[in-house]
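Hello,

Here is the structure I promised to pass on to you. Have a look at it first, and then read on for my notes.

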Amino acid sequence: MSINIFGEIGFDVTAGDVFDQIQNDKSEELDIVIASGGGSAFEGLMIFDALKASGKKINTKIMGLGASAASVIFMAGDTREMGEGSLLMVHNSWSMFMGNAKEVKEQLGTLEAIDSRMTAIFMKATGLEESKVKSLLEDETFMSVDEAVDFGFATAQAEASKVAASLYKSYNKTKEPVKMATDKETK
């Protein structure tokens with residue numbers, strides 16, 4: 001089965017959507033196709049946890065961009081592939097918030113907890129030392145497929161034929177042809 005993580009995480013795709021698909025799938029393997037600039041860190045972490053807890057072999061693949069929360073989901077893969085022109089981006093969590101000094105301090109604690117969790121996930125997946133992962137996160141690092149493989153974020157570059165097959169499967173929806181109105185119909 002293939003699950004698409006397209007668009008904003010927490011808006012276009014939610015953890016609930018992914019949970020339902022995992023629970024309804026009877027196969028032993030899931031292909032996760034990611035094309036996302038990120039979104040909610042909490043939703044991304046929930047999706048990561050759901051995939052890891054599924055008991056299935058997980059194959060993640062980035063098509064175009066896997067950034068921010070999407071980069072965490074990408075790490076759930078037993079195999080992690082990127083298309084030749086794809087980018088992976090990792091960074092520390094951020095938030096927009098308002099409030100008094102006490103509320104701001106509480107938000108800082110939340111951001112630090114998210115950063116700590118992401119650091120641990122990236123360290124386990126890549127084998128990199130904590131200082132290196134923290135440096136990449138602090139620098140808001142964009143990586144090509146070659147760089148991601150070198151750092152251990154990706155396991156391989158996706159073969160072009162497999163990329164095409166994934167995209168075809170994701171986008172091949174039968175649509176009704178668009179019929180233009182005639183002059184008589186527009187009046």
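In which loop does E140 lie? E140 sits in the loop between α5 and β6 (141-143), where helices (H or I, at least four residues) and strands (E, at least two) are DSSP runs, numbered from the N terminus. I will come back to this residue below.

Before that, a word on the source. This is a predicted model, in which local features need pLDDT of at least 70 and side-chain atom pairs count only at pLDDT 80 or more, while totals for chains, interfaces and linings use all residues. Residues are numbered from 1 along each chain as its sequence is written, and side-chain values use heavy atoms, with hydrogens and water left out.

Now the overall picture. The protein chain has eight helices and seven strands. Of its 187 residues, 39% count as buried; buried means under 20% relative accessible area, exposed over 50%, and partly exposed in between (1.4 Å probe, protein chains only). Among contacts (heavy atoms within 4.5 Å) between residues at least 6 apart in sequence, 68% join residues at least 24 apart.

Next, two helix pairs. Two packed helices are described by the angle between their axes and the distance between the axes. The axes are lines fitted to C-alpha atoms, for helices over the stretch in contact, and angles run from 0 to 180 degrees between N-to-C directions.

Helix α1 (residues 15-24) packs with helix α2 (residues 41-53) at an angle of about 10°, and their axes are 9 Å apart. That makes α1 roughly parallel to α2; angles under 35 degrees count as roughly parallel, over 145 as roughly antiparallel, 65 to 115 as roughly perpendicular and the rest as oblique. The crossing of α1 past α2 is right-handed, a term for the near helix being turned clockwise from the far one by less than a right angle, with anticlockwise giving left-handed. On the α1 side, A15, V18, F19 and I22 meet E43, M46, I47, A50 and L51 of α2. The residues of this contact divide into eight nonpolar, no polar and one charged. Here Ala, Val, Leu, Ile, Met, Phe, Trp, Tyr, Cys and Pro count as nonpolar, Asp, Glu, Lys and Arg as charged, and the others, Gly among them, as polar.

For helix α4 (residues 101-126) and helix α5 (residues 130-138), the angle is about 120° and the axes are 10 Å apart. That makes α4 oblique to α5, and α4 passes α5 in a right-handed crossing. T119, F122, M123 and T126 of α4 make the contact with E130, V133, K134 and L137 of α5, a set of four nonpolar, two polar and two charged residues.

On to the strands. Strand β3 (residues 57-67) has eight of its eleven residues buried, so it is largely enclosed by the rest of the structure. Strand β2 (residues 29-39) runs parallel to β3, joined by seven bridges; two strands pair if DSSP finds at least two bridges between them. I32 has T60 in β3 as its bridge partner.

Finally, some single residues. S68, in the loop between β3 and α3 (69-74), has a phi near 55°, a positive value in a residue other than glycine. At 16% relative accessibility, S68 counts as buried. Back to E140: its phi is near 45°, also positive in a residue other than glycine, and E140 is partly exposed at 44%.

Best wishes
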